Amino acid sequence: MKTLKALSALLSYPTPELVEACDDIRAVIDREAVLPRAERKALHRLVDDLASGDIYDLQERYVLLFDRTRSLSLHLFEHVHGESRARGQAMVDLIKLYEDGGFTPTTEELPDFLPLFLEYAALLDAPAAIELIGQPAHVFAALRERLAKRSSPYEAVLWALVSLSKAKLDAAALAALRAEPDPEPDDLEALDAAWEEEEVLFGPGAASDCGKDGLTSRMRAARRPAEGIAVPPPQRPIITHSVNPLRK
């Protein structure tokens, strides 16, 4: 399902290559037409936003939303296992799932990174892909609500995933996610508290050393140029086999 590959690209860190691929992404979404018209129009608005925005502004927004704000983390197990030791085993199981499916990620991201997860799902036949993305559908629903609260165009991607999954949402799991802190990215004190507080644990075990998103945020921020100094655009690869989602 190439639409999943397009959604993976849209949730990836903005690069000049992603901006250049915006027309192709739009074409994939429209040609496959597995999403209702309303969801496709919302995705068009995000594509337009990415295509017309300043690359550094787009990157800064991405970091503030998805790297700096724990409640918006694109690492799925952050919302499922928090800091529990079950998270490590879940990572191992997910890597095995990828390997068993003949999928070898060429990225430094953790296996539960949502764009990477969608990249794998895009390789499956439609029923298997829908079943797979339905498993974390309650996470998608919670992320959509949080992005909608911020009037973020990225809401469109999570809306599309909930729609595609056709899953009956786990009410208890969704309620637990809604109860978690959701500070704004400019509320530094609240953000620090959110990273320090123990997450709701859905598996056994004590907390382990994580903090991936905070480290990623600092690494991405380090690629931004100092004021008044011109440097080439950053070349962080998109989490896809190719930038163009039309290609395998």
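User: Contact means heavy atoms within 4.5 Å. What kind of model is this?
Analyst: This is a predicted model, where local features need pLDDT of at least 70, side-chain atom pairs count only at pLDDT 80 or more, and totals for chains, interfaces and linings use all residues. Residues are numbered from 1 along each chain as its sequence is written, and side-chain values use heavy atoms, leaving out hydrogens and water.

User: Is helix 1 buried or exposed?
Analyst: Helix 1 is largely enclosed by the rest of the structure, because 8 of its 9 residues are buried (under 20% relative accessible area; exposed is over 50%, partly exposed in between; 1.4 Å probe, protein chains only).

User: Which ones are buried?
Analyst: In helix 1 they are Thr3, Leu4, Lys5, Ala6, Leu7, Ser8, Ala9 and Leu10.

User: And what covers them?
Analyst: The cover includes helix 2 (16-20), helix 3 (22-32), helix 4 (37-52), helix 8 (114-121), helix 9 (126-134) and helix 11. Helices are DSSP runs (H or I, at least four residues), numbered from the N terminus.

User: How do helix 1 and helix 11 cross?
Analyst: The axes (lines fitted to C-alpha atoms over the stretch in contact, with angles from 0 to 180 degrees between N-to-C directions) of helix 1 (residues 2-10) and helix 11 (residues 155-165) come within 10 Å and cross at roughly 150 degrees. That makes helix 1 roughly antiparallel to helix 11 (over 145 degrees).

User: Which residues make the contact?
Analyst: Helix 1 gives Thr3, Leu4, Leu7 and Leu10, and helix 11 gives Val157, Ala160, Leu161 and Leu164.

User: Other topic: where is Ala175?
Analyst: Ala175 belongs to helix 12 (residues 171-178). Ala175 is partly exposed, at 41% relative accessible area.

User: How far is Ala175 from His138?
Analyst: Ala175 and His138 are 9.2 Å apart in space, C-alpha to C-alpha, and 37 residues apart in sequence.

Technical notes. Helices (H or I, at least four residues) and strands (E, at least two) are DSSP runs, numbered from the N terminus. Angles under 35 degrees count as roughly parallel, over 145 as roughly antiparallel, 65 to 115 as roughly perpendicular and the rest as oblique.
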